[in-house]
Amino acid sequence: MADLVETPELKTEEKWTKKHLLSVEELSKEEIVLVMKTAASFKEVSTRTVKKVPALRGKTIANLFFESSTRTRTSFELAAKRLSADIVNFSSTGSSTSKGESLKDTARNIEAMNVDIIVMRHASSGSAEYLSRSVKAGVVNAGDGIHEHPTQGLLDIYTMMEQRKGAEGFHAKALEGLKVCFIGDILHSRVARSNIWGLTKLGAKVIVCGPPTLIPREIEKLGVKVCYDLDEVVSEVDVLYLLRIQLERQQGMFFPSIREYAGEYGLNGERLRRAKKDVLVMHPGPVNRGVELSSEVADGPNSVILDQVTNGVAVRMAVLYLVAGVKA
Ligand code: CP
């Protein structure tokens with residue numbers, strides 16, 4: 001019976017002090033490792049017959065999604081439910097935002113129903129930080145414009161640590177020297193930005209590769225190397241992280257055609273055969289098959305795309321648990 005109800009013992013001495021999770025930029029190396037260790041403690045909960053612990057019983061979480069989402073929204077909902085919190089889902093379609101209500105008013109009305117944590121995805125960069133100044137509840141950024149997607153960055157780091165070192169891999173030195181290449185639309189990618197902040201703090205070597213029009217100017221200042229030719233680096237890296245081509249955020253075409261993009265930057269079987277045998281193939285989803293990567297690669301033995309999704313629940317359980325524990 002104990003197995004059905006117990007919250008795993010967290011093997012950490014560090015203290016979490018952040019009431020909000022707005023970015024990976026604001027996290028210290030120690031805080032990133034604390035999220036990793038906490039997520040590792042929670043991961044087995046999702047393999048139990050009864051996938052629930054009482055850690056957040058009595059807490060209420062609101063999922064506010066002003067942009068489409070499959071993985072993040074479902075993952076936060078499952079994470080909250082597995083921690084025994086109550087969760088309410090809100091999307092802009094069919095709500096009063098379509099009648100002109102401001103973000104601040106919407107959030108404050110939801111908060112007035114005694115919500116403890118607001119998880120928000122929004123198309124505007126900086127909206128999560130703005131919300132955190134407008135409400136008393138804790139705020140977790142589920143993706144704000146092209147700024148950051150912190151829980152995606154954290155679940156990607158978790159996946160790299162787990163794949164590299166297994167259960168013993170969740171420590172500050174686990175990713176030192178790991179070579180990670182982000183490929184594609186770096187300019188519009190909040191996923192790349194969160195990963196870059198986290199990976200560089202942990203001592204990984206990060207390369208960004210894509211068409212010059214999709215690489216932000218001065219990105220080297222974040223401690224990454226820039227490369228425009230995937231074939232130059234494909235054989236030397238440990239992780240090939242394909243980014244989604246975000247046609248919805250592009251005002252004009254940043255490359256001549258999708259076919260040419262796929263030819264230059266897509267990962268197909270032929271290109272993968274020139275990579276390290278144990279290279280990890282990652283993608284945040286949703287995947288455009290035949291553009292960022294072929295089905296052969298997406299479904300092949302090097303792909304950890306579904307592991308990323310599985311780990312997302314554990315990482316979001318950890319984030320909700322840590323944020324909920326901070327007093328106002
Ligand atoms: N990775 C990610 O953010 O996916 P969704 O847009 O489906 O949430």
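The ligand is surrounded by Ser-69, Thr-70, Arg-71, Thr-72, Arg-121, His-149, Gln-152, Pro-284 and Gly-285, where a surrounding residue has a heavy atom within 4 Å of the ligand. The model is predicted, so local features need pLDDT of at least 70, side-chain atom pairs count only at pLDDT 80 or more, and totals for chains, interfaces and linings use all residues. Residues are numbered from 1 along each chain as its sequence is written, and side-chain values use heavy atoms, without hydrogens and water.

By class, this shell has one nonpolar, six polar and two charged residues. Here Pro is among the nonpolar types, Arg counts as charged, and Gly counts as polar.

Ser-69 places one 2.6 Å from a ligand oxygen atom. For His-149, the distance to an oxygen atom of the ligand is 2.9 Å. Gln-152 has a polar side-chain atom 3.0 Å from a ligand nitrogen atom. A polar contact is a pair of N or O atoms within 3.5 Å. Taken alone, the ligand exposes 260 Å², and the protein buries 92% of that (Shrake-Rupley method, 1.4 Å probe).

Helix α12 covers residues 305-324. Helices are DSSP runs (H or I) of at least four residues, numbered from the N terminus. At 1.5 Å a residue, its 20 residues should span 28 Å, and the end C-alpha atoms are 29 Å apart, which agrees. The expected span is 1.5 Å times one less than the number of residues. α12 bends by about 25 degrees at Asn-311, the angle between axes fitted to the seven residues ending there and the seven starting there. In α12, 15 of the 20 residues are buried (under 20% relative accessible area, 1.4 Å probe, protein chains only).

Key
A polar contact is a pair of N or O atoms within 3.5 Å; within protein, one must be able to donate a hydrogen and the other to accept it, and residues adjacent in sequence count only if both atoms are side-chain atoms. Helices (H or I, at least four residues) and strands (E, at least two) are DSSP runs, numbered from the N terminus. Buried means under 20% relative accessible area, exposed over 50%, partly exposed in between (1.4 Å probe, protein chains only).
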